[in-house]
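Okay, thanks for coming, everyone. Let me put the structure up, and then I'll walk you through a few spots in it.

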Amino acid sequence: MIGLIPEMFTYPFMCRAFAVGSLIALCAALLGVTLVLKRYSMIGDGLSHVGFGALAIASAMNAAPLAVAIPVVMAAAVALLYLSENSRIHGDAAIALISTGSLAVGVTVVSMTTGMNTDVYNYLFGSILSMSEGDVVLTAVISAAVLVVFLLFYNRIFAVTFDETFARATGIRTGRLSILIAVLTALVIVIGMRMMGSLLISSLVVFPALTSMRVFKTFRGVMISAGIVSVVCLLLGLTISYLHATPTGASIVLCNIAAFFIYLGISKVREKTYNKG
Amino acid sequence: MSLISCENLSFAYEGVTVLHDLNFTVERGNYLCIVGENGAGKSTLMKGLLHLKKPSAGTLTTGEGLRPDRIGYLPQQTPVQRDFPASVNEVVLSGCLPGLGLFPFYRKQDREKALRNMEALEIADLKNRSYRELSGGQQQRVLLARALCATGELLLLDEPVAGLDPLVTAGMYGLIRKINKEMGITVIMVSHDLKAATRYASHILHLGEDRQLFFGRTESYKKSAAYHAFMGEAAVHIRKQGKAAKDPAQADKGGV
Ligand SMILES: Nc1ncnc2c1ncn2[C@@H]1O[C@H](COP(=O)(O)OP(=O)(O)O)[C@@H](O)[C@H]1O
Ligand SMILES: [Mg+2]
């Protein structure tokens with residue numbers, strides 16, 4: 001079976017999946033740290049459902065999937081952010097409404113037009129084969145842009161995540177920064193959805209952050225660890241998916257679950273030795 | 001011209017005025033303590049001074065080139081999540097952000113400034129420790145160092161010693177005095193502790209139910225009716241709370 005691994009790289013679609021997948025995994029992990037700490041994980045989850053609705057409508061209209069999904073999910077990101085900040089009591093309920101609502105719209109559109117074909121299955125659970133060459137270029141450009149913007153705003157993002165009141169008092173436009181974070185998240189969700197599937201993409205955002213927070217105790221440490229864990233899990237997951245013909249997204253998520261328990265183990269062992277010494 | 005001057009300043013929440021007609025001025029180098037009961041509006045006034053809350057009436061003028069975003073601030077409560085990963089250095093450095101303007105990264109002088117402030121507050125050895133693993137007193141010092149990075153002129157502190165044990169509290173007051181005297185930074189502090197306020201501050205602003213009871217120099221405050229009324233009340237309060245105040249759960253939170 002090991003012999004199959006070199007063979008894997010002779011397929012252009014696998015090389016594309018590895019390259020683009022790593023970029024997406026990195027973006028998702030870095031943004032994920034902020035989303036988890038800011039308690040915005042639910043927004044990421046809601047957006048992936050909105051993304052499914054948008055993709056279903058795009059395929060029914062025979063439009064380019066990304067061209068439809070990107071603006072729709074971005075708008076939804078800003079709306080979800082507004083809901084979660086302004087209606088304190090019903091914020092999470094509103095997010096649930098929007099995400100199940102979009103799923104319902106998507107499923108209805110699908111059943112009225114194409115029916116449950118492989119395309120739709122892939123939207124839900126992801127596929128490495130779904131990336132066309134045009135998609136690859138667009139995805140690479142978008143994820144590179146997300147990375148650059150994220151790095152430029154890294155220190156400000158830390159400040160608003162750690163203590164929003166202080167950040168606001170010292171002149172940081174926290175409202176605008178939140179919108180920026182939401183928009184970046186929307187972009188990552190949309191471009192990651194093709195590979196991971198809309199039902200699983202939010203785990204790419206949430207898992208590496210939660211995993212890294214078991215062991216690392218500084219913001220930068222968690223960021224770096226999350227990036228590495230995410231990329232490693234993606235590479236492993238893709239390989240497993242290739243070798244055993246398992247669904248890509250699910251394989252990656254399983255690797256992330258394994259990583260979580262490894263980190264949990266490390267933190268427990270460390271606690272024990274700390275308590276003894 | 002004063003650093004800050006307020007004329008008939010009022011604040012309201014949803015149309016209900018919680019502070020009426022404040023009149024006071026703060027000069028460079030002053031150490032102003034704002035005292036008053038819970039709910040008197042002290043935190044609200046702080047937010048007003050920081051331009052986080054708009055006054056409902058009156059004027060608030062800042063002079064001598066003081067920029068509202070260059071004020072150091074120590075919030076009353078920093079509701080940092082229990083598991084937030086951040087090193088002391090990361091927290092203190094974030095105070096340098098307002099000085100960066102549009103530049104995205106910290107420069108060498110920012111790192112040096114952060115280190116200087118950590119040294120001044122005797123927390124330089126905690127630099128790489130995790131913020132969430134520090135004691136309450138150590139955390140307050142970290143936040144104070146962050147506030148110092150944000151300003152060279154004016155520091156606003158909202159109940160900086162709440163929840164700290166007496167020894168740590170005394171250390172904190174000493175540091176704040178040092179900041180005021182040695183670094184020449186103007187201090188405005190909200191306090192519950194009238195004894196400490198009258199001991200350290202140069203000026204007192206006493207807020208009553210919804211208005212100003214006293215503003216002036218500390219010496220004249222000690223002779224005022226507002227002071228004696230407040231002291232009398234506090235004494236009764238302490239006697240009533242006698243046993244509750246010795247709550248041991250409070251004591252083990254501090255410890256630098
Ligand atoms: N966000 C808010 N919305 C409505 N009322 C508030 C808000 N914050 C404070 N208040 C009210 O304003 C008054 C002053 O509060 P505050 O400034 O926190 O007092 P202090 O800091 O002196 O204890 C209180 O009566 C409080 O209930
Ligand atoms: Mg208060």
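Let's start with A:Leu103, which sits in helix 5 of chain A, residues 91–112. Helices here are DSSP runs of H or I with at least four residues, strands are runs of E with at least two, and both are numbered from the N terminus. Quick housekeeping: this is a predicted model, where local features need pLDDT of at least 70 and side-chain atom pairs count only at pLDDT 80 or more, while totals for chains, interfaces and linings use all residues. Residues are numbered from 1 along each chain as its sequence is written, chains are lettered from A and ligands numbered from 1 in the order in which they are written, and side-chain values use heavy atoms, with hydrogens and water left out.

Back to A:Leu103. Leaving aside neighbours within four places in sequence, A:Leu103 is in contact with A:His49 and A:Phe52; contact means heavy atoms within 4.5 Å.

A:Phe52 takes us to helix 3 of chain A, where A:Phe52, A:Leu55, A:Ala56 and A:Ser59 meet A:Val120, A:Tyr123 and A:Leu124 of helix 6 of chain A. By class, that contact has six nonpolar, one polar and no charged residues. Ala, Val, Leu, Ile, Met, Phe, Trp, Tyr, Cys and Pro count as nonpolar, Asp, Glu, Lys and Arg as charged, and the others, Gly among them, as polar.

How do these two helices pack? Helix 3 (residues 41–60) and helix 6 (residues 118–125) of chain A make an angle of about 160°, and their axes are 10 Å apart. Axes are lines fitted to C-alpha atoms, for helices over the stretch in contact, and angles run from 0 to 180 degrees between N-to-C directions. Helix 3 and helix 6 of chain A are therefore roughly antiparallel, meaning an angle over 145 degrees.

Now over to chain B, which has an open sheet of six strands in the order 5-6-7-3-8-9, with mixed pairing. Two strands pair if DSSP finds at least two bridges between them. Why does part of the sheet lack a neighbour? Strand 5 (72–74) and strand 9 (212–217) of chain B stand at the edges with a single partner strand each, so one side of each is left without a neighbour in the sheet. Further in, strand 3 (residues 31–36) and strand 7 (residues 186–191) of chain B run parallel, joined by five bridges. In that pairing, B:Tyr31 stands opposite B:Val187.

Note on methods. Angles under 35 degrees count as roughly parallel, over 145 as roughly antiparallel, 65 to 115 as roughly perpendicular and the rest as oblique.
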